[in-house]
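Please open the structure in a viewer and keep the selection panel at hand.

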Amino acid sequence: MVAVGGTGVEALAIAARVGGAVLFEGVSFTAGSGECVVLSGRNGSGKSTLLGCLYGTHEVSAGIVRVGGSAPDERKVGFRRQVSVVLDDSALFDHLTARQHLDLLLRSFPAVDSRGVPKWLVAAGLDERADVPAIDLSAGQRRRLLLIGAVARSHDVLLLDEPERALDTAGREWMTTLIAADARRGAAVVVASHHSSLAERVAATRIDLG
Ligand SMILES: Nc1ncnc2c1ncn2[C@@H]1O[C@H](COP(=O)(O)OP(=O)(O)OP(=O)(O)O)[C@@H](O)[C@H]1O
C-alpha cells in the first residue's frame, strides 16, 4: 500500500463493530488525489458505516484511517473544510432556494468564486428551478442540489453515500460524469453505491464489502 500523503484517504486493515458484532474487518484501500474508490456490497454490508469511519462519525475497532493526513474528526473545522460529503443525513434548508443554497455555501469558501453560482445551477440542470424553495423541489432535484454543492465548494476529499438515490437515468449519467470530473480536478473520492456500472465508468478501484 502506498501512503497517500496530505490530501487523500488511507484505510489500513480497518474493522468496524456495530452492536457488539464485527461488521467488516481487514479492509484496506487508498484514494490519492485524482483517484476514486467505489464501495459496493449488499444492503447492510457496512458501506455507510465505513464512510462514517472516514468522516469520523464512527470509530474503527481496528486498523488505521487517515484522511487528509490525519485521523478523521468531523468536529474540527479544518477537517470539514478539506472533506466534502453527501451522507445519509445530508439535508437542505426547506425554505432556501437552490440559488440561495449555493450562494450561501460558496460564500463560506473564500477561495471559491460565488459568482459561479449560475454556472453550477446550469451544470446541475437546476437553472429553471433555481428560485424554487428546496421543499418544493422533487427528490431527484434535491439530490442534484446536494451533489452539485458538494463538488462546487473547495475540497480535497469527496465522500458520497449512494449518490444515485432518487436520480433518473439521465441523472445517474450526470452524477457519473460529475464524480469523474471531480476526480480529474484532483479530489480523492470515496463513494458507496449500488449503481453497478459506476466503478467502471469512473475508472475506480472497487472495494466489495460482501
Ligand atoms: N449505530 C448503529 N447501531 C446499531 N447498528 C447499526 C448502527 N449503524 C448501522 N448499524 C447496522 O450495521 C449494519 C450496516 O449498516 P450500513 O448502513 O453501514 O450498511 P450499508 O451497506 O450502507 O447498507 P445499505 O446498502 O442498505 O445502505 C446494518 O445491519 C445496520 O442496521
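What volume does the largest cavity have? The volume is about 30 Å³. Here a cavity is a set of points on a 1 Å grid over the protein atoms alone where a 1.4 Å probe fits but cannot get out, and lining residues have an atom within 4 Å of a point. Grid points are joined across faces, edges and corners, and the volume is the space filled by probe spheres set on them.

This is a predicted model, in which local features need pLDDT of at least 70, side-chain atom pairs count only at pLDDT 80 or more, and totals for chains, interfaces and linings use all residues. Residues are numbered from 1 along each chain as its sequence is written, and side-chain values use heavy atoms, without hydrogens and water.

Select Leu147, Val151, Leu158, Leu160, Met175, Leu178 and Ile179, which line the largest cavity. Helix α6 gives the most to this lining, with three residues; helices (H or I, at least four residues) and strands (E, at least two) are DSSP runs numbered from the N terminus.

Next, select Ile179. Leaving out residues up to four places away in sequence, Ile179 touches Cys36, Leu160, Pro163, Val189, Val191, Leu198 and Val202, contact meaning heavy atoms within 4.5 Å.

Finally, select Asp182, which lies in helix α6 (residues 169–184). Asp182 counts as buried because its relative accessibility is 2%, and buried means under 20% relative accessible area (1.4 Å probe, protein chains only). Beyond neighbours within four places in sequence, Asp182 is in contact with Val151, His155, Leu158, Ala187 and Val189.

Technical notes
Buried < 20%, exposed > 50% of the residue type's maximum accessible area, 1.4 Å probe, protein only. 1 Å grid on protein atoms, 1.4 Å probe; cavity = no way out; pocket = protein on both sides within 12 Å on 5 of 7 lines; lining within 4 Å.
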